[in-house]
Amino acid sequence: MTATVFQPIAARSAPVKTEGPVAWIRSNLFGDVRTAFGTVCIVLVLLALVPRLLNWGLVNAVWAKDYDACHAAAGVGACWGVVSEKFRIIIFGRDPFEEQWRPLVAAAALLGLLVVSCMRAFWRPALGLLWAVVLAFFFTVMYGGVLGLGRVETDRWGGLPLTLLLSSLSMTMAFPIALLVALGRRSMLPAIRSVCTVYVELIRGVPLISVLFMASFMFPLLMPQGFSIDVLVRVLAGITLFAAAYMAEVIRGGLQAVPKGQIEAAATLGLSYWQTQRKIVLPQALAMVVPGVMNNFISTFKDTSLVTIVSLYELTGAMSLALNSDSNWRPFKIEGYLFIALIYFVFCFSMSRYSIWIEKQVNKSRLR
Amino acid sequence: MSDNNIITFDKVNKWYGNNFHVLRDIDLQVKTGERIVVCGPSGSGKSTLIRCINRLEEHQQGRLVVDGVELSDDVRAIDDVRKKVGMVFQQFNLFPHLTVLENLTLSPMWVGKVPKKEAEEKAMQQLERVRIANQANKYPLQLSGGQQQRVAIARALCLKPKIMLFDEPTSALDPEMIKEVLDVMIEMASQGITMLCVTHEMGFAKAVADRVIFMDQGQIVEQNNPHDFFNNPQSDRSRDFLSKILGH
């Protein structure tokens, strides 16, 4: 047997740098010819656009509430003064000016409620009670008529408080309706199934604007004389029913995806229909449709801007109201729209981040 | 019909849709404590047969009586029977969003109204029995297939069923996990529970079955004790079937 002689193999050359910003840029932005070409093109476009945007938005911008200066800078610089001049109308709409602490307090309470409701530590039965208390507080402060507060009719409510009220209430009411409709569309009873199907198809067949028109203008015509429901309530019902129809279909998608074996296993264990839905089917179905439901929530939040057409001035409507009524500031609508776009973005982005957290929570059992 | 028959099929017929005749004139009596293995080629109706016993499938003709209760459209009769019949599925069908322990306590707590603490104690006893108590707080998907199937058996046992149905309990398992499940089933068989098991594990059939039922095309073609069935099959179809599954 020959002895094995130790034969060192030739040393390999050191690896090219694989960490750090330079390596990242090399592999991700200049990985091959096509990528490098794309990178160069995009950089050129950005070089052309970004400086102009910065000049307009920051360097040449007018920050003072001075519309002469703004007119002078028109075309070369933004006029952010319009926001500081008009923000009270943009945020609070037609609510009486001297009593704007009321919508401020009400909106802060509602916002606080929404934040608290999103936190796991508060997910207990008492949260329902808190909702009732905060909503009662919201309506008392906004509507007044008691405790020495002057009455403010609902058609004068506006701005951010109205946006928050419409979206939070329509979302919380649409969700349970959507659940029932989704279950109803899979019901074994033909009557329930057809009612739910007709509801979904009817609502999906018309745009939200026409639902709002009907709620606002047609519904009162059909009511007996002397009987009226507040326009805010009618509009709220319209948005809720609209959102629920879409959400029902998203949830039904989740229900379809729960394997039949799960329901069979629940049946062999003696669980009733409702126990099976509540304990087995819905937890799994809803976990699967978190992204879709959050999609619905975000679009409902933005759809509330359509109530302007029935003369309720929520955030977007209040913005137009603020600028259209004042010829001095009217030319600076674009700055105003950018301001409320920022507000919408903050809310929508928070919702989508929150949905990522929720997805992690509900999928804990799937982690290994 | 003698009194110690716990399950009686009397001329039971079932169709899927209008023309697929999946069970044809099934006559079958199962005695209390009897252990039966049902085998046959794919599509022969063996799963459908046992799924009729707890009404996961409904039959359209004939009578099916389980522990004195005749199965019909009456929801109370179905509930009554399901309390007495446990079932184990090919795909385990554990609830993936609940821990192992919660899978076991769900039905006792919500259907049996047993207090949580008591339900958990009983569940732990069943988990000990299938030798998986140390995994009680894991989620089903964190376990191997064999472990999941043992949990499924424990879950069914938590209801103290008189009858256990097994629908190909080892068919979805890797070969090295089949034994751990069969061992649990063999141990159960020694405790006097009535068992109906659809399986192709002929070793299991030889070890524990009192009777082997061979089905083909919706009919019970042959039934016999395991020794005679394997060594001296009467019909051509069962001979053919046995040669295929034992041949290699």
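A salt bridge here is a side-chain nitrogen of Lys or Arg within 4 Å of a carboxyl oxygen of Asp or Glu. Run over the whole structure, that search turns up 22 salt bridges across all chains. The structure is a predicted model, so local features need pLDDT of at least 70 and side-chain atom pairs count only at pLDDT 80 or more, while totals for chains, interfaces and linings use all residues. Residues are numbered from 1 along each chain as its sequence is written, chains are lettered from A and ligands numbered from 1 in the order written, and side-chain values use heavy atoms, with hydrogens and water left out.

One of these pairs sits within chain A: A:E249 bridges to A:R252, with the closest N and O atoms 2.9 Å apart. Both belong to helix α10 (residues 231-257) of chain A, and because they are three residues apart there, about one helical turn separates them. Helices (H or I, at least four residues) and strands (E, at least two) are DSSP runs, numbered from the N terminus.

Now for the interface. With contact meaning heavy atoms within 4.5 Å, chain B puts in 22 residues and chain A 21. Together the two chains bury about 2100 Å², 62% of it on carbon and sulfur atoms; buried area is the accessible area (1.4 Å probe) that two parts lose on being put together, summed over both. On the chain B side, B:H97, B:W110 and B:L141 lose the most area to chain A, together 27% of what that side buries.

How many salt bridges cross between chain B and chain A? The rule finds one, and A:E264 and B:R51 form a salt bridge, their closest N and O atoms lying 2.6 Å apart. Polar contacts (N or O atoms within 3.5 Å; within protein, one able to donate a hydrogen and the other to accept it, with residues adjacent in sequence counted only if both atoms are side-chain atoms) come to seven residue pairs between the chains, both residues at pLDDT 80 or more. On chain B, β6 (85-88) and α3 (100-110) each give two or more residues to the side touching chain A, and α3(B) has the largest share, three residues. That side divides into 13 nonpolar, five polar and four charged residues, where Ala, Val, Leu, Ile, Met, Phe, Trp, Tyr, Cys and Pro count as nonpolar, Asp, Glu, Lys and Arg as charged, and the others, Gly among them, as polar.

Points are joined across faces, edges and corners, and volume is the space filled by probe spheres set on them. The second largest pocket has a volume of about 1400 Å³. Of its 37 lining residues, A:M188, A:I263, A:A267, A:Y273 and B:R82 are closest to the centre.

Technical notes
1 Å grid on protein atoms, 1.4 Å probe; cavity = no way out; pocket = protein on both sides within 12 Å on 5 of 7 lines; lining within 4 Å.
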